[in-house]
Amino acid sequence: MRLLAKICALVAVLGAGALWALTRPAPLPNSVAEDHVADAANGALVFAAAGCASCHAAPGATDEDKLILAGGYSFASDFGTFYAPNISWSDEGIAGWSLPAFARAVRQGVSPEGQHYYPAFPYTAYQHMTDGDVADLFAYMQGLPPSDTPSTAHDVGFPFNIRRGLGIWKQMFVSDDFVLADTADATLMRGRYLVEALAHCGECHTPRNALGALDRSAWLSGAPNPSGKGRIPDITPAGLEWSEADLVYYFESGLTPDYDSVGGSMAPVVSNLAQLPESDRAAIAAYLKALP
């Protein structure tokens with residue numbers, strides 16, 4: 001019996017050690033774009049494409065106030081309600097962060113303190129961001145207005161409030177593969193980078209499984225609206241008959257081919273895309289039309 005007890009204890013210790021290893025957050029990168037000269041102007045475009053203000057500005061903010069990244073926007077889900085944090089360049093935000101800490105947060109979903117972030121923050125898409133774009137975004141955000149508004153704590157119950165468990169979720173569901181395969185077409189590759197990484201279109205337009213992970217086999221084929229009202233549309237060629245020219249015009253003007261206007265959560269997305277070069281909007285349209 002003593003031998004059996006010792007074996008069980010050993011198995012428990014080994015199991016706990018394996019679980020601890022599997023769930024540990026990613027380490028801080030040694031460097032990010034060491035030789036890169038930060039370009040805040042490009043950072044502004046990355047900021048727009050990534051929709052940072054759409055989530056992190058205070059609810060109801062308009063015009064220049066959208067650049068005050070005080071947080072507070074709520075995201076209801078089956079797992080609880082998540083709140084966008086303050087990410088302004090302030091003590092309540094990210095003023096104390098280093099570039100490697102920022103890069104780890106954005107691309108790997110790990111806080112400077114070494115805790116997993118919930119995937120309400122779309123690091124599953126941002127993981128594809130280049131070193132240069134991360135550094136440029138960091139440089140741009142340092143010039144934005146500060147806010148001393150404290151971040152609102154997430155309202156998440158047991159067991160989802162145990163952040164260490166997110167390490168297993170990442171192991172199971174976070175893939176660094178792109179959905180659209182590599183191609184020699186530079187326009188398509190730019191479109192893929194914008195859609196699958198910066199603009200994180202899949203976060204809304206792709207259905208999820210029971211644990212909240214994207215069903216990549218149904219990529220951009222539409223999904224239930226988290227608000228419970230209606231459905232986020234299918235934007236694959238099977239569900240969207242618009243031409244590439246229609247898409248480019250919509251991304252700039254917010255007008256559909258039927259002269260209806262964009263609304264709901266898509267309105268700020270169009271506002272962001274309108275700030276990008278027309279070549280980027282064309283690349284997104286080309287990507288969408290190239291999907292199976």
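Which residues of α8 are buried? In the predicted model, where local features need pLDDT of at least 70, side-chain atom pairs count only at pLDDT 80 or more, and totals for chains, interfaces and linings use all residues, residues are numbered from 1 along each chain as its sequence is written. Side-chain values use heavy atoms, with hydrogens and water left out.

The buried set (under 20% relative accessible area; exposed is over 50% and partly exposed in between, with a 1.4 Å probe and protein chains only) consists in α8 of Leu188, Met189, Gly191, Arg192, Tyr193, Leu194, Val195, Glu196, Ala197 and Leu198. Because 10 of its 13 residues are buried, α8 is largely enclosed by the rest of the structure. The cover over these residues includes α2, α5 (123-126), α6 and α12 (278-290). Helices are DSSP runs of H or I with at least four residues, numbered from the N terminus. Helix α8 (residues 186-198) reaches 17 Å from its first C-alpha to its last, close to the 18 Å expected, the expected span being 1.5 Å times one less than the number of residues.

The axes of α2 (residues 40-50) and α6 (residues 131-141) come within 7 Å and cross at roughly 95 degrees; axes are lines fitted to C-alpha atoms over the stretch in contact, with angles from 0 to 180 degrees between N-to-C directions. The two helices are therefore roughly perpendicular (65 to 115 degrees). Contact (heavy atoms within 4.5 Å) involves residues including Val46 and Phe47 of α2 and Leu137 and Tyr140 of α6.

Methods:
Parallel < 35°, antiparallel > 145°, perpendicular 65-115°, else oblique.
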